[in-house]
Amino acid sequence: MTATALRICPFCEATCGLTLTIEDGRVTGARGDREDIFSAGFICPKGASFAELDNDPDRLSRPMVRRDGVLTEATWDEAFAVVADRLGQVIGEHGGASVGVYLGNPNAHTVAGSLYPPLIIRGLGTRQAFSASTLDQMPKHVALGHMFGSPIAFTVPDLDRTDYLVVIGANPLVSNGSLATAADFPGKLRALRKRGGRLTVIDPARTRTAELADRHIAPRPGTDGALLFAVVHVLFEEGLVATDLGGIAEYVNGLDDIRSLAGGFSPEDVSDHCGVPADDIRALARELAAAPTAAVYGRIGTSTVEFGTLGSWLVDVINILTGNLDRPGGVMFPLGPAVPAPRPPKAGRGFKTGRWHSRVSGYPEALSEIPAAALAEEIDTPGEGQIKAMITIAGNPVLSAPDGDRLDKALDGVKFMISIDPYLNETTRHADVILPPPPPSQSPHFDFALNNLAIHNNVRYSPPALPLDGRPDEAEILSRIALIIYGIGVDGDPSLVDDQVIATTLAKETADANSPVAARPVDELTAMLVAGPGYERRLDMMLRLGPYGDAFGARPDGLTLERLKAAPHGIDLGPLQPRLPEILRTPSGRIELAPEPLIADATRLRESLGRDADRFVLIGRRHLRSNNSWMHNVPALAGGTNRCTLQMHPDDIAELGLADTAKVKGPGGEVLAPIEPMPGIRRGVVSLPHGWGHDRAGMRLGVASAAPGVNVNQLNDGNMLDPMSGTAVLNGIPVDIAPAD
């Protein structure tokens with residue numbers, strides 16, 4: 001019997017709608033949902049491979065428990081009993097603060113990964129929290145926090161209405177976009193060109209996105225901050241700053257400070273450092289100022305460098321100076337459906353980092369996280385506060401964090417390790433218990449985080465397409481771990497976790513005079529929630545309390561989960577709207593254009609301009625048919641351009657006398673990689689993709705292990721960080737290149 005089911009794709013930030021084909025209780029195919037209100041039928045190879053990933057024979061279906069040193073299958077009751085016993089022992093002896101937690105990228109793509117890990121971390125009372133954010137996006141959080149008072153006040157380019165788009169450090173034709181949720185990003189760039197708009201791409205390599213651009217600027221890796229400062233310099237020097245900043249001048253502090261700071265970054269001052277002619281920088285500034293609307297969009301190449309926070313900050317400084325913040329066609333603030341309804345504008349507490357520091361190297365926390373690069377040393381360095389147990393949730397830091405070999409050894413030394421993960425991979429092979437969540441077809445989907453980054457406001461929900469195959473869902477798995485940590489025990493009712501969150505949230509809302517449910521009885525509101533799993537009740541509550549919600553009946557036409565389920569292709573909530581005043585949470589109630597910590601770090605940037613250039617520097621790259629390390633085991637996504645090769649300019653290959661393979665040596669180690677000539681890459685720049693290195697023993701990754709590639713992060717010793725955010729420097733790393741022999 002053949003049937004179909006609708007599903008939001010959980011494999012990248014594009015969040016495209018899919019139509020799944022189901023035969024005999026399993027997914028056999030996937031195509032784009034043409035009626036999806038956000039993606040309109042767009043699909044990429046990852047979404048098209050949904051069935052293969054869902055049915056991957058290497059996915060774990062039962063828990064694994066280490067017995068006599070060997071991971072063997074166990075029942076769920078057995079596995080949870082081991083967790084209760086062994087984790088309880090560690091907490092009893094050393095306290096919850098001795099447990100480290102690592103959250104991987106896929107948590108942003110699941111309902112459970114968004115809702116439950118914070119409860120686990122809070123219950124442990126641990127400050128040893130790590131995530132992929134300090135390998136990716138933390139500089140943007142920190143920059144936004146200092147400027148707007150909120151680290152999640154994301155500005156996204158209004159792609160459908162802009163006249164001029166500048167993309168720096170991103171390749172959205174391949175990545176499908178990031179920190180800017182846009183189904184069919186490639187189509188939107190082509191539409192921009194078709195309506196007469198212009199596209200400039202700033203990237204050391206001539207990527208697929210750069211090939212589409214009107215202008216391609218190829219700076220030396222890691223010099224984005226200096227280049228952007230030079231653009232700011234030109235805007236002031238040539239009188240190109242927008243009149244009244246496009247209507248938001250009353251909300252902006254620090255304009256004179258920025259003008260003064262930019263004085264030391266003229267295009268001529270930075271040209272040699274960046275490897276970009278001064279005239280090209282001036283032309284870029286003039287084009288931005290002259291465009292009717294413009295948006296500067298920076299991503300991972302701007303974040304994962306030595307001055308990542310400065311670069312992320314300067315992206316929005318330019319958007320503000322050109323009058324393009326919070327206006328159609330510029331960069332705007334999305335309004336997600338599951339965030340609290342907007343409150344009246346008011347001053348906030350502001351944003352700080354460094355409220356505590358890591359135990360070994362003294363790295364400051366950011367957003368309650370310690371840098372992922374510090375995870376190994378926090379495990380293998382003895383002393384008070386040493387990590388004694390680890391919980392990893394949908395993460396593979398042995399491949400994704402710097403110096404994976406050290407972390408690999410360190411994980412062998414913890415007293416107890418739990419991994420919530422569907423694969424036996426480079427990290428989870430160290431676990432004492434692996435608890436595998438069900439495949440995507442048996443899981444719900446709602447984009448709690450990514451809706452807040454969407455370039456067009458919308459809301460969609462996917463209930464599970466198939467019933468559970470006898471195992472607990474991911475929400476129950478994480479809830480049971482939380483119950484153990486909170487002392488309720490392994491046999492407690494998992495629904496208690498959701499009930500407690502609902503009760504706490506509604507009590508807070510009803511006590512808030514500005515809430516849409518102010519002063520109403522909590523019991524009355526609780527009784528109105530949809531019947532169903534705890535995660536659905538929580539989602540219903542969040543939607544009802546949100547900006548489009550029904551306020552528990554006070555706005556009868558408002559959003560509820562029941563109404564959302566009745567619209568399986570989603571609900572269009574309209575284009576982005578100006579909403580700056582309600583965003584601001586700085587103590588001044590204004591944008592702090594020149595926050596003191598960023599001004600201080602700008603001095604470090606200025607001092608870097610005189611450095612000698614390294615002969616070769618390394619950058620990463622994205623693949624259309626991959627997402628970090630967890631899609632290399634899908635046959636349909638293997639091979640083709642999705643290969644772990646060292647891309648180099650042909651002239652560099654000839655100059656070094658290289659053949660087919662090169663030895664690449666960095667601060668943390670060396671690897672051998674096959675060479676791929678790439679005429680479009682800047683000379684002196686080499687590129688290896690992230691997420692490879694599937695060559696360790698004890699894994700269950702048949703396809704990935706057959707073509708393991710090399711771990712680019714092993715070239716990195718983890719000592720190079722953006723000091724403001726703790727983010728590992730993954731781009732612009734100095735390396736030596738030599739023949740393989």
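Reader: Which elements do the buried residues of α12 pack against?
Author: Start with the names: helices (H or I, at least four residues) and strands (E, at least two) are DSSP runs, numbered from the N terminus. Buried means under 20% relative accessible area, exposed over 50%, and partly exposed in between (1.4 Å probe, protein chains only). In α12 (residues 267-274), Pro267, Val270, Ser271, His273 and Cys274 are buried. Their packing, judged by contact (heavy atoms within 4.5 Å), is against α10 (224-237), α13 (278-290) and α25 (596-608).

Reader: What is left out of the side-chain values?
Author: This is a predicted model: local features need pLDDT of at least 70, side-chain atom pairs count only at pLDDT 80 or more, and totals for chains, interfaces and linings use all residues. Residues are numbered from 1 along each chain as its sequence is written, and side-chain values use heavy atoms, leaving out hydrogens and water.

Reader: Is strand β6 largely enclosed or open, and how many of its residues are buried?
Author: Take the two faces of β6 in turn. Val99, Val101 and Leu103 are buried on one side, Gly100 and Tyr102 on the other. In a regular strand, side chains alternate between the two faces of the sheet. β6 (residues 99-103) is largely enclosed by the rest of the structure because its buried residues number 5 of the 5.

Reader: Which residue of β7 is the bridge partner of valine 101?
Author: β6 also has a parallel pairing with β7 (residues 129-131), over 3 bridges. In β7, the partner of valine 101 is alanine 129.

Reader: Where does alanine 638 lie, and which residues does it touch?
Author: Alanine 638 sits in the loop between β21 (617-619) and β22 (646-648). Its relative accessible area is 34%, so it counts as partly exposed. Its C-alpha atom is 8.5 Å from that of serine 626, 12 residues apart along the chain. Not counting residues up to four places away in sequence, alanine 638 touches Arg625 and Val703.

Reader: What is the relative accessible area of isoleucine 488?
Author: Isoleucine 488 lies in the loop between α19 (474-485) and α20 (495-510). This residue is partly exposed, because its relative accessible area is 48%.

How values were computed: Pairing = 2+ DSSP bridges.
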